[in-house]
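Here is a short walk through one protein model. Keep the sequence and the 3D view side by side as you read.

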Amino acid sequence: MFDRRLVQNFDWGLLGLTLLLGIIGLIILYSAVTAGTPEAQRVLCLKQLIWFCVGLVVMLVCFLFDYKILERWALPIYIVCILLLLAVLIFGRYVGGSKRWLVLGPVSMQPSELIKITVIIVVARYYAKVVNTIGLGIRELIYPMAITFVPFVLIVGQPDLGTAMLIVVIVGTMTIFVKIDRRSLIGILVTSTIALPLVWFFFLKAYQKRRILTFLNPDRDPLGAGYHIIQSKIAIGSGMIFGKGFLKGTQNALEFLPEQHTDFIFSVLAEEWGFVGSLVLLLLFLMLIVWGLNVAQGCREPFGTILAMGITAMIFWQVFVNLGMVMGLMPVVGVPLPLISYGGSSVVTIMISIGLLMNISMRRFMIE
């Protein structure tokens, strides 16, 4: 029987924030693709609008069922996503030098986006069972490490180090949230410090090292690896306080700004709407993140609390990494800006995540 309290406790604020960010994303995307042909402009905007509508439907589905069902289905969902990542390595399509896309008939999807929310669900399920007041030790951390390691290796093989590291950071945030004992934390930090030189010399590819060195000094290769960061900083700086106006960004219009509709879409916003427009978008993201933390705090059972925290951490780190990247504060790693950057898989994944947040928010009152 349908519980009327679900309607009474529907999270209209979270829905409103999501719709507002999605509409802003479509407006910025329209401006970002004006540098291309009119046909390309129409197609990209139409595709993003379709994906956003699909995301709304999926979000609706995600808050209709009881989120605690995911505890039972977490591992099957994880296995399916791992199989999709394996399929990408075998049958995937190359785009921009990386094999990240899986073509399923008329639809192309990026399983590395879906695996982020899947890992969050599986790890939240595990932590909800083992969480304690003392803190987790190394033995309790073996399982989440293994759950994270498998997709990490498969995504690095695409190669997509940015998304792989993002999954590690999200799980790390969830681990710190549930508490880890001091001895284990020190051991992990020492091991990671020792491993960094080995990763640099034996695991990073030449282009990945070049990105890091360019981040440290973009002027070392201004027409090559440093071009993205330099042009992005020019676009952001030229917007000044109020920007140049909608569709009047010269860096975008003259096609100086690379990947302007995906990774560097914030630079388009900053150039056209200036500091004020950028600040408004940042405040909206801040509200979304605080809202997610509030949902986690208000939940009365561990799985929902940790799941909400993991979802909020995913949104926070994507925003943090993307903004740091376009402002030259972090290496260029290809992380999209949630609900703003072009990309169907990214939009649907974020909408699934927000749908689950709404699900947890609606059902907080039902847990005694």
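The paragraphs below cover a helix, its packing partner, a nonpolar core and one glutamate.

This is a predicted model: local features need pLDDT of at least 70, side-chain atom pairs count only at pLDDT 80 or more, and totals for chains, interfaces and linings use all residues. Residues are numbered from 1 along each chain as its sequence is written, and side-chain values use heavy atoms, with hydrogens and water left out.

Start with helix H5, residues 111-130. Helices are DSSP runs of H or I with at least four residues, numbered from the N terminus. H5 has 20 residues, and at 1.5 Å a residue it should span 28 Å. The expected span is 1.5 Å times one less than the number of residues. Its end C-alpha atoms lie 29 Å apart, which agrees. Of its 20 residues, 17 are buried (under 20% relative accessible area, 1.4 Å probe, protein chains only).

H5 packs against helix H7, residues 161-178. Their axes, lines fitted to C-alpha atoms over the stretch in contact, are 10 Å apart at an angle of about 20°. The two helices are therefore roughly parallel (angles under 35 degrees). Ile 115 and Tyr 127 are among the H5 residues that meet H7, with contact meaning heavy atoms within 4.5 Å.

Ile 115 and Tyr 127 also have some of the most contacts inside the largest nonpolar core, which has 94 residues. Such a core is a set of buried Ala, Val, Leu, Ile, Met, Phe, Trp, Tyr and Cys residues joined through side-chain atoms within 4.5 Å. Helix H13 (residues 302-326) gives the most to this core, 13 residues.

Finally, find Glu 271 in helix H12, residues 265-298. Glu 271 is buried, at 0% relative accessible area. Its contacts beyond four places in sequence include Lys 244 and Gln 251.

Conventions. Buried means under 20% relative accessible area, exposed over 50%, partly exposed in between (1.4 Å probe, protein chains only). Axes are lines fitted to C-alpha atoms, for helices over the stretch in contact, and angles run from 0 to 180 degrees between N-to-C directions. Angles under 35 degrees count as roughly parallel, over 145 as roughly antiparallel, 65 to 115 as roughly perpendicular and the rest as oblique.
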